[in-house]
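This report describes how a protein chain is divided and how some of its parts pack together. Please look at the sequence and the model before reading on.

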Amino acid sequence: MINALWSAMRRNKILPSFYFDRNYDAYIPTRDDRNESRVDLNDKAVCFTDGSRINSTVQAGAGIYNQTDCEEYYYPLGCRCSVFQAEIYAILQCAWLHSLNCRNNASVAICSKVSSALVADTVWALTELSVHNSVRLVWTPGYCGILGNEVADGLSRQASAIKYIGLEPVLGVTSLTVRNELQHWACRELWKQWREATRFRQAKQLLRQANLSYTKYALRLCRTVLRILIGLLTGHADLNRHSLPLCQEDEETVLHLLGECSALVVKRANILGSPYLCYEELGKMHWCALLRLAKGSQRF
Ligand SMILES: [Zn+2]
């Protein structure tokens, strides 16, 4: 229920705007300059900005390092902020810095890892800063070997480690975030229904947890192989019962063939890594391996 509310949260979807008369420069150093750390930063004021997000806690943060005035700032941005949003927010806050806005006729370099389009608020803040100063937005990716970059990176990580106090989302959620959250929610709900269902005894032995990469693998299979895979997973397989029985020890079911049949011990050890497997172990096997063993049994 909580996740269903994602779609109702404040969004940061903005209509594209084009600014043809911006009064600041955007400077992208050449690859050679970056590799040899020759990025020219001889401006009167040099600032570094960065945004980051910790995957385990999904908390994001922005950091600013004003190298000229030795100022450090960091802003926790909560759990519903992307790295890109944090990067842009860092540039916005940097353009609003009092220490930069109180300057006149100074050259100012704001270094960022963002090389793509900015959002309108940030463009306006940079435009205002450029009224009395000569401003450059310099693209400095993380591997440039520039010390200021590392300091800003450390500040943004420090911000990401701090819990945001206040209402979230801080900056509005992106369309991509909403889509991903809805996908995860739908997956969790489907899986809950699957666990609570009282039927599908055999299929439940092999399908013990939702796995998106397995699903993608299955959707890439041709129709014939996909039919065999579904038969393996559900137990409703069309086994070739006209062939001679393999071991004559037990009824030839899918689970017997995959995990227990003594006639397939060598093939099973080669393909699945063990001569005998219980249902639980079979459930952990990649479907590709199950298909290979099924093909090796010559029953499909
Ligand atoms: Zn057998």
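## Domains

Domain bounds, as used here, come from an automatic or database domain assignment. The model itself is predicted. For this protein chain the assignment gives domain 1, residues 3-177, and domain 2, residues 199-296. Between the C-alpha centres of domain 1 and domain 2 there are 52 Å.

## The sheet

Strands of a sheet pair through backbone hydrogen bonds, in either a parallel or an antiparallel manner. In this model, 6 strands form an open sheet with mixed pairing, and their order is E1-E6-E5-E2-E3-E4. E1 and strand E4 (71-78) are at the edges with a single partner strand each, so one side of each has no neighbour in the sheet. From one strand to the next, the twist averages 20 degrees.

Which strands does E6 pair with? Strand E1 (residues 25-27) runs parallel to strand E6 (residues 134-139) and is joined to E6 by 3 bridges. Strand E5 (residues 107-112) also runs parallel to E6, with 6 bridges between E5 and E6.

Strand E2 (residues 45-53) pairs with strand E3 (residues 60-66) in the antiparallel sense, over 7 bridges. Within this part of the sheet, Arg53 stands opposite Ala60 in E3. Helix H5 (residues 147-160) packs on the sheet and touches E2, E3, E4 and E5. The direction of H5 makes about 145 degrees with that of E3.

## Two packed helices

Two packed helices are described by the angle between their axes and the distance between the axes. Helix H11 (residues 265-272) and helix H13 (residues 287-296) have axes that come within 10 Å and cross at roughly 155 degrees. Angles over 145 degrees count as roughly antiparallel, and H11 and H13 are therefore roughly antiparallel to each other. The crossing in which H11 passes H13 is right-handed.

Which residues make the contact? On H11 they are Lys267, Arg268, Ile271 and Leu272, and on H13 they are Ala289, Arg292, Leu293 and Gly296. Sorted by type, the residues of the contact of H11 with H13 are 4 nonpolar, 1 polar and 3 charged.

Terms used. Residues numbered from 1 in each chain as written. Predicted model: local features only at pLDDT ≥ 70, side-chain atom pairs only at ≥ 80, totals over all residues. Axes fitted to C-alpha atoms, helices over the stretch in contact; angles between N-to-C directions. Helix = DSSP H or I, 4+ residues; strand = E, 2+ residues; numbered from the N terminus. Parallel < 35°, antiparallel > 145°, perpendicular 65-115°, else oblique. Left-handed = near helix turned anticlockwise from the far one by under 90°. Contact = placed C-beta atoms within 7 Å. Nonpolar A, V, L, I, M, F, W, Y, C, P; charged D, E, K, R; others polar. Pairing = 2+ DSSP bridges.
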